[in-house]
Amino acid sequence: MDTLFSNIALGLTVAVSLSGLFYCFLGVFLGTLVGVLPGIGIMATLAMLMPITFHLEPTLALIMLGGIYYGASYGGSTASILMNLPGTATSAVTGLDGYPMAQQGRAGQALFMTAIASFVGSIFGVILLAGFSVPLSRVALRFGPHEYVALMLLGLIAASVIGSGRSLRSLVSVSLGLALGLIGLDLNSGVARFTFGQTVLFDGLPLVAVAIGLFGLPEIIASAGRKEIPRVHEGKIRLREMLPTREDWKRSIMPMARGSGIGGFFGALPGTGGLVATFVSYAVERRVSKHPEEFGNGAIEGVAAPEAANNSAVQAAFIPTLSLGIPGDPVMAIMLGVMMVHGIIPGPTVIQDSPDLFWGLVVSFVIGNLMLLVLNLPLVGMWVRILKIPYNLLFPVIVAFTCIGIYSVNYQVVDVFVLLGFGFLGLGMRALNFEVAPLLLGFVLGPMIEEYFRRALIVSRGDIGSFADRPIAASILAITFAILVWAVVSRLVSAGKKSRVKEADANG
C-alpha cells in the first residue's frame, strides 16, 4: 500500500505540474474537437502533431497524445447522437440509440449520459492500467492466433445478435462486410484482390469513409428536404433539464459496469480495441435487456454501454503498449514511436525503469478525464442548440465538413467517392430493412480473422483441429457455439408462442 501511495505521489509531481496540466488540457481539447467534427480522424491529428512531440519531454508528449486519443472518444459521440454522423468509427454504435433519443427531444439526456458513461469507463480502464498492468499483460501474452480467431468469431456472432429480430438479414450484412474487407493486397502473397486495377484500393477501403457513409449520409439524404425543426427545449437549458430521469439512471448503471468490463478486456488484448468492444457490449445489453425491442429506438442502455466500453478500451489499450511493447492499434503504434524516439523501450521493465513516465501517465489520465467531464457537460446545451438550425441550411455545411474531413485523412479524392457509394448503399439497406451495424463489424473483423487464421494454420502446419487443443481458444469457441444455439432456440420458442397465439385468436 505504501508503494502504491508513493507511486501516485510520483505521478502527481509530473501530472500536476504547470506543463503537465497544460499539455493534458491541450490534448483533451483538441481530441474533443477532432471527435466532434466527423471524418477528420484521430490518426490524421496525431500524425500532424507528432513532429511537435520530438521537442517535448517524453512524458509530456505522451500526456498530450493520450489526451487527444481519449478526448476524441468523448467527442466522437456528439455528432453521432445529434446528426447520426459518427465523429469516429467507434461512436457509430452510440448513434444507434443516441440519434433516436435526439429525435424524441432527449438529446440533452443522451449527451449527459454519454459523458458520464465515458468517464466511468475511462476511470475503470485507468484502474486496470494502474493495478493490473503486469498480470493482464501476462494473460495477453497467452493469446496466440488461435485465440484471436476465436474472439473474432465471437464478435461476428454478436453482430448477428445486434440485428433487431432479423438474424438472416444480419448474417447477410455480416457476409457483405467480410467480402468488402477482402479488398486490397493479400498480406501473404501480395496479390491485389477486387481492386479493378486501381492502386488507390491496394490498402483497402477507408474505414472512416465506410462508417460515415453507412450511418451518416443515408440520414442526410433522407432528411435533405426536411424543413421542420426537431423538438428542442425552448428557453435556456438548465442542468436539471439535461439530467437523465431516475429510471434512466436505474437502467444505465449495470450497462455501464458491464460495458466497462468488456472494454477493459478487449482493450488489454493487442489488435482488438474499442470498436470490437462497443459492438460486443451493445450485443450483450440487447440480449440481457428485458425490453430488447427498444434497442434502435432510443434505449438509454444502448448509449451507456457502448460509450463505457469504448473509453474503457481506450485506456486499457495502453497496457500491452507499455507492458509488452506491442501496439494494439495504429494510435498506440504512434505512441510507441514517440517513446522509441526519446530512447524509451516499452516492455515488461518500463514500469521499473521509467516510473515517472508510467505513473505520470496514469495520474494525467484521471485528471484529463475530469477535465473532459467539466468541459463536456456545460457544452451539452450548446450542442443541443444545433438541432434548432433548420436542416435545409445545416445539411450542406455537414456534407462539406464531412467531405473535407474524409479527404484530409489520406488526401485521396477516391475516399470521397467511397463515402458517396456507401451512403447510397446504406440508404438502400435502410429501405430494405437491413442492419448496417453488422456490416461495419464484418468489414473490420474480416481482414483480422483472415490474418490470424492463416497464422494459426501456419503454426499448426495446417491442422484445423489445433483449435480444440488450445484451452482458451476451445473455451471461447464453445461459448460462441452456446450463444448461437441459445439464439436459435430462443427464436424458435418465440416463433412457437406467436403461432399458438394466432391459433388461439383464430379459434377464439
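**Entry 1: a cluster of rings**

I began with a group: Tyr69, Tyr70, Phe318 and Phe365 form one aromatic cluster. I noted the rule for pairs: rings of Phe, Tyr and Trp (its six-membered ring) pair if their centres lie within 6.5 Å, and planes under 30 degrees apart count as stacked, over 60 as edge-to-face and the rest as tilted. This is a predicted model, where local features need pLDDT of at least 70 and side-chain atom pairs count only at pLDDT 80 or more, while totals for chains, interfaces and linings use all residues. Residues are numbered from 1 along each chain as its sequence is written, and side-chain values use heavy atoms, with hydrogens and water left out.

**Entry 2: two pairs**

How many aromatic pairs does the rule give? I found a count of 11. One of them is phenylalanine 25 with phenylalanine 29, stacked at 6.1 Å centre to centre with 20° between the planes. Both lie in helix α2 (residues 18–36), 4 residues apart, about one turn of the helix. I noted that helices (H or I, at least four residues) are DSSP runs, numbered from the N terminus.

Next I looked at phenylalanine 318 and phenylalanine 365: their ring centres are 4.8 Å apart and their planes are at 50°, so this pair is tilted. Phenylalanine 318 sits in helix α15 (residues 318–324) and phenylalanine 365 in helix α18 (residues 355–376), so the pair ties together parts that are 47 residues apart in sequence.

Phenylalanine 318 is buried at 2%, and phenylalanine 365 is buried at 0%.

**Entry 3: cysteines**

I looked for disulfides (a pair of cysteine sulfur atoms within 2.5 Å) and found 0. Cysteine 24 is buried, at 1% relative accessibility, whereas cysteine 403 is partly exposed, at 24%.

**Entry 4: helix α21**

Which residues of α21 are buried? I listed Asp415, Val418, Leu419, Phe422, Gly423, Gly426 and Met429. Seen down the helix axis, they fall within an arc of 145°, so they line one face of α21; the arc is that of the directions from the axis to the C-beta atoms. The face turned away from this buried side carries the exposed residues Phe417 and Ala431. Just after α21, I noted that asparagine 433 takes a positive phi of about 65°.

Notes
Helix = DSSP H or I, 4+ residues; strand = E, 2+ residues; numbered from the N terminus. Buried < 20%, exposed > 50% of the residue type's maximum accessible area, 1.4 Å probe, protein only.
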